[in-house]
Amino acid sequence: MYPQDRLADWHSGQGHWAHIEPEKWNDWVWQLQNRLRSAEDIEKYIHLSEGEREGCMLAGNKLALAITPHFFNLIDGDDPEDPIRRQVIPRIEEMNVAPEERDDPLGEEHDMVAPGLVHRYPDRVLFLVTDRCASYCRYCTRSRLVSNAKGYDFHAEFAQALAYIREHEEVRDVLLSGGDPLLLADRKLDYLLGELRKIEHVEFIRIGSRIPVFLPQRVTPALCDIFKKHGPIFLSIHVNHPRECTRELRDACERLSFAGVVIGNQSVLLRGVNDEPETMKSLVHRLLMMRVRPYYIYQGDLVAGSAHLRADVAKGIDIIRHLRGHTSGYAVPQYVIDAPGGGGKIPVNPEYVLAMNEKEVVLRNYEGRIYRYPRGANAESEIHAYDTCQCGGGECAGACDDLR
Ligand SMILES: *Cc1c(COP(=O)(O)O)cnc(C)c1O
């Protein structure tokens, strides 16, 4: 399905906007000002289905519609199920709310210790610094507040959040997110990073942003200088499909890397977008080619109106099974479910440890072969043994019977 992923074949360029002067096209403010914001804007370029047109009409009350020209160009207008299109063009299905879905699926409001500051884990905080993005992902876990379509009236209180972090010495890791932090003006980012760097117990600063993907033009030399000045900065970008790996994104990642930024990627597992092993494999390979280390694959959060985009958990496990051992370990992200209601991220893996007792561990390798690793004299009895075999019936070739 994916011919060997050669850099030279990566899509990029001005596409529908070939007539615009390159200085404008390469200006991130121009990209923001010329975002597609309605069915009418989109239909100048591609045909919408009835369900999409209705979805666009209703988006204003749910999660705003906005797509940068750069990202819109990646859509194959002839394919009604195009994987890029599914991420950013609203559909009428967004209005269906399944019983298990919530506006705040991760219970973030409950863990909010200051406006925009979520303190869930012992040593790290999530700092929501804005409610705006360059484009809006239809499955957004924070659609309750992002873009303000639902009238949440989100305002980050930088002074309050910084005061909380200063007072709480256990906070060694601060994650800036939103909304998209890289939409803040350079001056504000410089200020925020500077204030965080002054706090002695803050060891680790990272940013979650899809700007390099939606708006690579925003990654200017001036922005990179700010990261260099306040480094080390870790950045998690959000690429879901191999076609998002454009030459522009690669160049932006190069500028960031050369400024000392360490880049990881977080994908969301999405039905019809990246829920096939071959698609994900192509994506993770391209990420490595851009100096980006795959970090997480998220199971879709139970966000109101996102059921049509969620893939089954079994698909996620299957993808990891197809990656681990079959390609570079560096290419394999951790698949996680962020537990509904605020339990945090829980890793979900294919079973490699089939059984374990005081004597040995029974393991399955990537090819499905069974191996035994003796624990010997070093076995520590407190370390748990499985009561039952994890093989799910017969797969461990009877090893579990021996162990019992
Ligand atoms: C995801 C998240 C973090 C960061 O988690 P890591 O596993 O360290 O990347 C921190 N706080 C909250 C509330 C989160 O949702």
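A residue is counted as near a molecule or strand if one of its heavy atoms lies within 4 Å of it, and by that criterion the residues around the ligand are Val118, Arg120, Tyr121, Arg124, Leu126, Leu175, Arg206, Tyr295, Tyr296 and Lys345. This is a predicted model, in which local features need pLDDT of at least 70 and side-chain atom pairs count only at pLDDT 80 or more, while totals for chains, interfaces and linings use all residues. Residues are numbered from 1 along each chain as its sequence is written, and side-chain values use heavy atoms, with hydrogens and water left out.

**Ligand site**

- Strands β2 (117-121), β3 (124-128) and β8 (293-298) each supply at least two residues of the shell around the ligand, and the largest share, three residues, comes from β2; strands (E, at least two residues) and helices (H or I, at least four) are DSSP runs, numbered from the N terminus.

**Open sheet β11-β12-β13**

- Three strands form an open antiparallel sheet in the order β11-β12-β13, where two strands pair if DSSP finds at least two bridges between them.
- The edge strands, each pairing on one side only, are β11 (353-356) and β13 (370-374), and the twist averages 20° from one strand to the next, taken between N-to-C directions of lines fitted to C-alpha atoms, on a scale from 0 to 180 degrees.
- Strand β12 (residues 360-364) runs antiparallel to β13 and is joined to it by five bridges; Val361 stands opposite Tyr373 in β13.

**Backbone exceptions**

- Most residues other than glycine have a negative phi, and most peptide bonds are trans.
- The peptide bond from Gly178 to Gly179 is cis, with omega near 15°, and Gly179 is found in the loop between β4 (173-177) and α8 (186-198).
- Gly231 and Pro232 are also joined by a cis peptide bond, with omega about 0°, and Pro232 is found in the loop between α10 (221-230) and β6 (233-237).
- Asn148, although not a glycine, has a positive phi of about 60°, and is placed in the loop between β3 and α7 (158-167).
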